[in-house]
Amino acid sequence: PIWHSAFLAWLLNPEGSHNLRDFPLRRLLAAMASADLYEDKSKQSRDTMPPLHEIEEADFLNPKVWPDASEKDRQTEFVIDSGRRLDVVATELKLPKSIKRSRLLLVIEIKVKAKEGSDQTKEYATWALDPHLLKKDDRLFGAESNGSQGSLYRALLFLYRPVNSKNPEKGRAQSDAFRNMTYQVLVDDVLGACEKHPAISE
């Protein structure tokens, strides 16, 4: 749904008008990095993510989000070669006292009362995990950043609403490269924490 994408893009943008800075993005990534995300134990999907200490300590620099209504070239979802559209956050990570900057590509696929298309997340994972991705597409970090030496992390999230809340494993992503998260977990672990943030509650 378009408004789901627009809301998440706004929330996860550290430069968004919500005044929460990088708190929502950091909170979501920390939830994704949890090894026991409601029994979604896919090790493969966590192996491509930044380690938890880097999520907690790093500064998020030069973020770009798709869709972003405030940017003329990013007002819709990110379109890949196949024509499919993705919700994307691309940002640089810099740890304190470190000169090098890592990069993070966060891809989100949203399903509300809908099933995944044939091999949809598998196709997204193939694109996102391509070792030559940055050479093929400089929209993510720009040509200058793409030539830097930092790591490129990928965090792939399948956000969905289970048809049966008692059996949430049904409806998960076909690709093991994706972390699965229900809307309820998003509300409890991310939106709930944002609601209690001093920037909101004061």
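Where is the place of R21? R21 sits in the loop between α1 and α2, where helices (H or I, at least four residues) and strands (E, at least two) are DSSP runs numbered from the N terminus. This is a predicted model, in which local features need pLDDT of at least 70 and side-chain atom pairs count only at pLDDT 80 or more, while totals for chains, interfaces and linings use all residues. Residues are numbered from 1 along each chain as its sequence is written, and side-chain values use heavy atoms, with hydrogens and water left out.

**The chain as a whole**

- The protein chain has 9 helices and 6 strands.
- Of its 202 residues, 49% are buried; buried means under 20% relative accessible area, exposed over 50%, and partly exposed in between, with a 1.4 Å probe and protein chains only.
- The accessible surface of the protein chain is about 11,100 Å², and carbon and sulfur atoms account for 49% of that surface. Accessible areas come from the Shrake-Rupley method with a 1.4 Å probe, and for residues only the protein chains shown count as cover.
- Among contacts (heavy atoms within 4.5 Å) between residues at least 6 apart in sequence, 64% join residues at least 24 apart.

**The loop between α1 and α2**

- Most residues other than glycine have a negative phi, and most peptide bonds are trans.
- N19 lies in this loop, between α1 and α2 (23–33), and has a positive phi near 65°.
- N19 is exposed, with a relative accessible area of 57%.
- R21 also has a positive phi, near 55°, and counts as exposed at 64% relative accessibility.
- D22 belongs to the loop between α1 and α2 as well. Its side chain makes a polar contact of 2.6 Å with the side chain of R26. A polar contact is a pair of N or O atoms within 3.5 Å; within protein, one must be able to donate a hydrogen and the other to accept it, and residues adjacent in sequence count only if both atoms are side-chain atoms.
- Apart from neighbours within four places in sequence, D22 is in contact with P14 and F60.

**On either side of β2**

- W66 and P67 are joined by a cis peptide bond, with omega about 0°.
- P67 is in the loop between β1 (59–66) and β2.
- S82 is in the loop between β2 (78–79) and β3 and is partly exposed, with a relative accessible area of 47%.
- A polar atom of the S82 side chain lies 3.4 Å from the backbone nitrogen of R84.
- S82 and W127 are 45 residues apart along the chain, and their C-alpha atoms are separated by 9.6 Å.

**The cavity**

- On a 1 Å grid over the protein atoms alone, a cavity is a set of points where a 1.4 Å probe fits but cannot get out, and lining residues have an atom within 4 Å of a point.
- Grid points are joined across faces, edges and corners, and a volume is the space filled by probe spheres set on the points.
- The count is 1 cavity of 30 Å³ or more, and the largest cavity has a volume of about 40 Å³.
- Residues lining the largest cavity include W66, D87 and I108.
- α1 (2–12) and β3 (85–94) each supply at least two residues of this lining, and α1 gives the largest share, 4 residues.
- By class, the lining has 7 nonpolar, 1 polar and 1 charged residues. Ala, Val, Leu, Ile, Met, Phe, Trp, Tyr, Cys and Pro count as nonpolar, Asp, Glu, Lys and Arg as charged, and the others, Gly among them, as polar.

Conventions: On a 1 Å grid over the protein atoms alone, a cavity is a set of points where a 1.4 Å probe fits but cannot get out, and a pocket is an open set with protein on both sides within 12 Å along at least five of seven lines; lining residues have an atom within 4 Å of a point.
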